[in-house]
Amino acid sequence: MPGEMIMLVDDEADIGEIIEMYAVSDGFQFQQAMNGAEALRMVDAYSPEIIILDVFLPDIEGYELCRQLRAVTDAPIVFLTCKFTEMDKIIGLSVGGDDYMSKPFSPLELIARIKAHLRRTRMAMRRMEEPRKASILASESLQVNLSAHEAYLHSQRLELSAKEYQLLTFFMNHSGQVLTAEQLLDKLWGYGKGLGSKTLQVHIGNLRRKIEDDPARPERIVTIRGVGYKFCEHAAII
């Protein structure tokens, strides 16, 4: 939606100028923070709809800043950095990032990913605001209050990130069905073909640690080798 705020956290002014040019031409607002302390102040001041985050910052590592940002905002966080190994991506997604892009990067691809994340966020917000006759999605061990955006395991509230909540709800809405990685990436990230499956694996791993009795031997969200994933408990609106 035009007018939404993109916040870049990167101490390279030229990177900011490039992203700002493309962002503003697409109708977005844009702010750049040069370090972690400034980023935390600007999140409070501007409430950005999405954050683009570098790992190398002058006062704090981007991964640690991501953890701190996650404590104060649910906005999607996209890492944009020259650290590009598989382990770098796993760390970035594990600390609360929603996406990971490597430098050098395509500004057009970055804007496309931003739009996809914001589109999913808007859709989730609309669903939360819609009145529902039945708002509890339940399985044998899990309950999701769709109106309150809360999830429970054996009546104990779960602390889920926005993406983990979306994953759990999508799995429960399709209980018993085998879902491919491409389907999940397309539905929850807005683009399936260009995003590595490692992004999905990390988020599912994080979710399993919160809902499985033994995450190493999952029984609720299981992997169907060579095909995808399946939520094994029957789930329905009650």
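I shall discuss an annotated aspartate, the charged pairs, the nonpolar cores and the cysteines.

This is a predicted model, in which local features need pLDDT of at least 70 and side-chain atom pairs count only at pLDDT 80 or more, while totals for chains, interfaces and linings use all residues. Residues are numbered from 1 along each chain as its sequence is written, and side-chain values use heavy atoms, with hydrogens and water left out.

Asp54 sits in the loop between β3 (50-53) and α3 (62-70). Helices here are DSSP runs of H or I with at least four residues, strands are runs of E with at least two, and numbering starts from the N terminus.

Is Asp54 buried or exposed? Its relative accessibility is 3%, so Asp54 counts as buried. Buried means under 20% relative accessible area, exposed means over 50%, and partly exposed lies in between, using a 1.4 Å probe and protein chains only. Setting aside neighbours within four places in sequence, Asp54 is in contact (heavy atoms within 4.5 Å) with Val9, Asp10, Gly62, Leu80, Thr81 and Lys103.

Side chains of opposite charge can pair when their charged atoms come close. A salt bridge is a side-chain nitrogen of Lys or Arg within 4 Å of a carboxyl oxygen of Asp or Glu, and by this rule the count comes to 15. In one of them, Lys103 pairs with Asp10, the closest N and O atoms being 2.7 Å apart. This pair links distant parts of the chain, 93 residues apart: Lys103 is in the loop between β5 (99-102) and α5 (107-129), and Asp10 is in the loop between β1 (5-9) and α1 (13-25). Lys103 is buried at 14% relative accessible area, and Asp10 is buried at 0%. Lys103 also forms a salt bridge with Glu12, at 3.4 Å from N to O. Glu12 is partly exposed, at 33%.

A further salt bridge joins Glu109 and Arg113, at 2.8 Å from N to O. Both residues lie in helix α5, four residues apart, about one turn of the helix. Glu109 is partly exposed at 34%, whereas Arg113 is buried at 8%.

I turn now to the nonpolar cores. A nonpolar core is a set of buried Ala, Val, Leu, Ile, Met, Phe, Trp, Tyr and Cys residues joined through side-chain atoms within 4.5 Å. The largest has 26 residues, and those with the most contacts inside it are Leu168, Phe171 and Leu184. Its largest share, six residues, comes from α6. A second, separate core of 19 residues includes Ala33, Met42, Leu65 and Phe79.

Finally, the cysteines. How many disulfides does the structure hold? There are zero, a disulfide being a pair of cysteine sulfur atoms within 2.5 Å. The sulfur of Cys66 is 17 Å from the closest cysteine sulfur, in Cys82, and is therefore too far away for a bond. Cys66 is buried, at 0% relative accessible area, while Cys232 is partly exposed, at 39%.
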